[in-house]
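Okay, thanks for coming, everyone.

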Amino acid sequence: MQILKLLPDMVVELKKPHPCGKRDFRIVRVGSVCRIVCLSCGRDLEIDRIKLEKAIKNITSNVAQKD
Ligand SMILES: [Zn+2]
């Protein structure tokens, strides 16, 4: 199982859709608990990092990395 590099401003597609029906979220804060914002309705939610990693289906847009 690969470790996902999660960074703020990444846009990810989750396996489970938000109640509004969309699956695309932007990561706002990364920690042991992460905060993500739904791109469709703008609501934010907190999710355990472990749960978030399991919930991610696809990373839609990666942020530029300096290394
Ligand atoms: Zn939503």
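**The sheet and the zinc site**

So, start with the open sheet: 5 strands, antiparallel pairing, in the order 4-3-2-1-5. Strands here are DSSP runs of E, at least two residues, numbered from the N terminus, and two of them pair if DSSP finds at least two bridges between them. Strand 4 (44–48) and strand 5 (56–61) are the edges; each has a single partner strand, so one side of each has no neighbour in the sheet. From one strand to the next the twist averages 40°, with axes being lines fitted to C-alpha atoms and angles running from 0 to 180 degrees between N-to-C directions.

Before I go on: this is a predicted model, where local features need pLDDT of at least 70, side-chain atom pairs count only at pLDDT 80 or more, and totals for chains, interfaces and linings use all residues. Residues are numbered from 1 along each chain as its sequence is written, and side-chain values use heavy atoms, with hydrogens and water left out.

Back to the sheet. Strand 2 (residues 24–29) pairs antiparallel with strand 3 (residues 33–38) over 4 bridges, and Ile27 has Ile36 as its bridge partner in strand 3.

Now, which residues hold the zinc ion as protein donors? His18 through ND1, plus Cys20, Cys38 and Cys41 through SG, at 2.0 to 2.4 Å; the donor cut-off is N, O and S atoms within 2.8 Å of the metal (3.2 Å for Na, K and Ca), and since water is not among the atoms, sites may look incomplete. Along the chain the spacing reads H-x1-C-x17-C-x2-C.

Last one: is Cys38 buried or exposed? Cys38 is buried, because its relative accessibility is 1%, while Cys41, at 36%, is partly exposed. Buried is under 20% relative accessible area, exposed over 50%, partly exposed in between (1.4 Å probe, protein chains only).
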